Amino acid sequence: MKYASQKVALVYFAGAMALFAVQLLFGLLAAAVYAMPNFLAEVVPFNILRMIHTNALVVWLLMGFFGAAYYLVPEEAERDIESPLLAYVQFGLLLVGALVAVGGYLMGIHGGREFLEQPLWIKWAIVVVALIFLYNIGATILRGRRTAVTSVLMLGMIGIAVFWLFAIWNPSNIAVDKLYWWYVIHLWVEGVWELVMASILAFLVIKLTGVDREVVEKWLYGIVGLALFSGLLGTGHHYYWIGAPGYWQWVGNIFSTMEIAPFFTMVIFAFTMVWRGRRDHPNKAAMLWSLGCTVGAFFGAGVWGFLHTLSWVNYYSHGTQITAAHGHLAFYGAYAMINMAVITYAMPYLRGRQPYNQVLNMWSFWITTSSVVFMAVTLTFGGVVQVHLQRVMGMTYMEAQDQIQLFYWMRLGAGAFVLLGGLLFVWSVFGPVREERPAHMTAAPQPAE
């Protein structure tokens with residue numbers, strides 16, 4: 001570790017992994033309900049299971065982003081975090097808010113607004129968390145060295161904070177509600193989160209490959225431009241059927257098609273930099289996760305998103321298991337994997353050890369990734385059958401569900417392996433380490449520039 005304040009990242013990574021395990025567990029329980037509809041019906045209804053699954057996903061990803069920022073910003077800015085104490089306070093607020101929200105959900109206390117079910121006071125607490133973070137990181141960057149990595153990261157984090165404000169506003173008109181609801185849901189995951197992902201990926205590429213910083217920064221700016229250009233107006237593909245003006249049909253079709261571009265560029269960028277760098281970095285697992293996240297994002301967010309983003313296709317596929325296939329593969333490929341990449345890279349330094357348990361870590365990569373891909377393919381085929389039965393043949397929703405039970409059982413089996421892979425990952429980075437870090441690695445790591 002180069003700076004003592006980077007230790008703050010350790011608690012964020014630990015909290016993120018704890019919530020990651022919760023997310024996987026409740027996702028598996030929700031998958032069981034699809035296969036066995038009466039499973040836990042009298043104990044925890046399906047809507048609560050799904051609520052905890054999706055909320056835990058969002059919070060652990062954000063917690064991972066915060067941890068990544070607290071780790072990489074000091075190295076990029078060449079100074080310690082402005083206030084480690086504030087960073088710990090921020091973590092406490094975020095964790096307590098998440099736990100209280102989950103407890104409330106289990107007791108049936110929630111706002112009822114899909115994905116934004118948190119009670120109003122928790123939403124305001126998240127605003128406070130965001131302000132603390134922006135001050136802490138912003139002051140660190142402004143008083144230190146400024147780089148493209150920190151600039152893009154800061155832009156993404158500001159976007160996360162600004163668009164979260166639309167989660168607090170709850171219009172009474174349902175069409176207006178959905179219009180602005182997507183400002184949070186879409187512009188987070190298909191807009192500003194992409195900036196955070198790209199900045200973390202650029203940092204990892206610099207460290208793992210040794211490629212010149214100027215080359216990486218040129219690629220980074222290109223990716224950011226594509227992400228913003230396509231992602232902002234790409235919101236239109238959510239406006240097809242909510243009562244918005246008809247021009248959103250064209251805007252959504254055109255710009256949503258372009259949303260595949262930044263993810264494809266990330267793939268080319270990462271593999272090109274690795275080929276150019278030819279640096280034999282000891283942390284093979286971090287390299288694997290870094291490359292894997294670009295491929296996963298391209299297929300999950302890009303290809304699977306494009307499959308049903310055009311309005312004349314979405315007319316039939318909207319709200320089916322095809323959407324679920326895209327969501328699972330996109331979130332895992334783009335955001336879960338970049339968090340796991342930076343955690344894999346940073347933990348040896350945070351724990352003062354050499355890169356450890358790498359074989360186990362790489363096994364977790366292949367088990368988890370192949371299981372998520374199998375799940376996505378299964379849900380895609382199930383969704384196609386569902387579209388035909390429901391939207392073409394005219395079956396009711398429940399009649400169609402009875403016909404695709406086989407796909408739900410396959411999804412449940414894949415989910416069990418995802419949970420196994422996730423637990424292997426947590427053990428590989430937080431489990432016991434037999435060998436101390438060699439003496440020649442105890443010196444502060446120097447940036448590969």
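## Second largest cavity

Helix H12 is the top contributor to the lining of the second largest cavity, giving 3 residues. This is a predicted model, where local features need pLDDT of at least 70 and side-chain atom pairs count only at pLDDT 80 or more, while totals for chains, interfaces and linings use all residues. Residues are numbered from 1 along each chain as its sequence is written, and side-chain values use heavy atoms, with hydrogens and water left out.

The second largest cavity has a volume of about 50 Å³. H12 (321–350), H13 and H15 (405–430) each put at least two residues into its lining; helices here are DSSP runs of H or I with at least four residues, numbered from the N terminus. Among the lining residues are Asn283, Thr344, Met347, Pro355, Tyr356, Gln358 and Ser428. Sorted by class, that lining has 6 nonpolar, 5 polar and no charged residues. Nonpolar covers Ala, Val, Leu, Ile, Met, Phe, Trp, Tyr, Cys and Pro, charged covers Asp, Glu, Lys and Arg, and polar is the others, Gly among them.

## Largest cavity

In total, the structure holds 4 cavities of 30 Å³ or more. On a 1 Å grid over the protein atoms alone, a cavity is a set of points where a 1.4 Å probe fits but cannot get out, a pocket is an open set with protein on both sides within 12 Å along at least five of seven lines, and lining residues have an atom within 4 Å of a point. Volumes are the space filled by probe spheres set on the points, which are joined across faces, edges and corners.

The largest cavity comes to about 110 Å³. It has 13 lining residues, with Phe66, Ile126, Ala130, Ile160 and Ala161 lying nearest its centre. Helices H2 (46–77), H4 (120–142) and H5 (148–168) each supply at least two of the lining residues, and H4 takes the largest share with 5.

## Second largest pocket

The second largest pocket has a volume of about 200 Å³. H14 (397–403) is joined by H1 (8–35) and H15 in supplying at least two lining residues each, and H14 gives the most, with 4. Val33, Tyr34, Phe46, Tyr397, Gln401 and Asp402 are among the residues lining this pocket. By class, the lining of the second largest pocket splits into 7 nonpolar, 2 polar and 1 charged.

## Salt bridges

There are 8 salt bridges in the structure, counted when a side-chain nitrogen of Lys or Arg is within 4 Å of a carboxyl oxygen of Asp or Glu. Arg113 pairs with Asp177, with the closest N and O atoms 2.6 Å apart. That pair ties together distant parts of the chain, 64 residues apart: Arg113 sits in the loop between H3 and H4, and Asp177 in helix H6 (174–209). Arg113 is buried at 7% relative accessible area, and Asp177 is buried too at 10%; buried means under 20%, exposed over 50% and partly exposed in between, with a 1.4 Å probe and protein chains only.

Arg145 and Glu78 also meet in a salt bridge, at 3.8 Å from N to O. Here Arg145 is in the loop between H4 and H5 and Glu78 in the loop between H2 and H3 (84–106), 67 residues apart. Both ends are partly exposed, with Arg145 at 24% and Glu78 at 43%. Then there's Glu82 with Arg79, at 3.3 Å between the closest N and O atoms, plus a salt-bridge network linking Glu76, Arg213 and Glu217.
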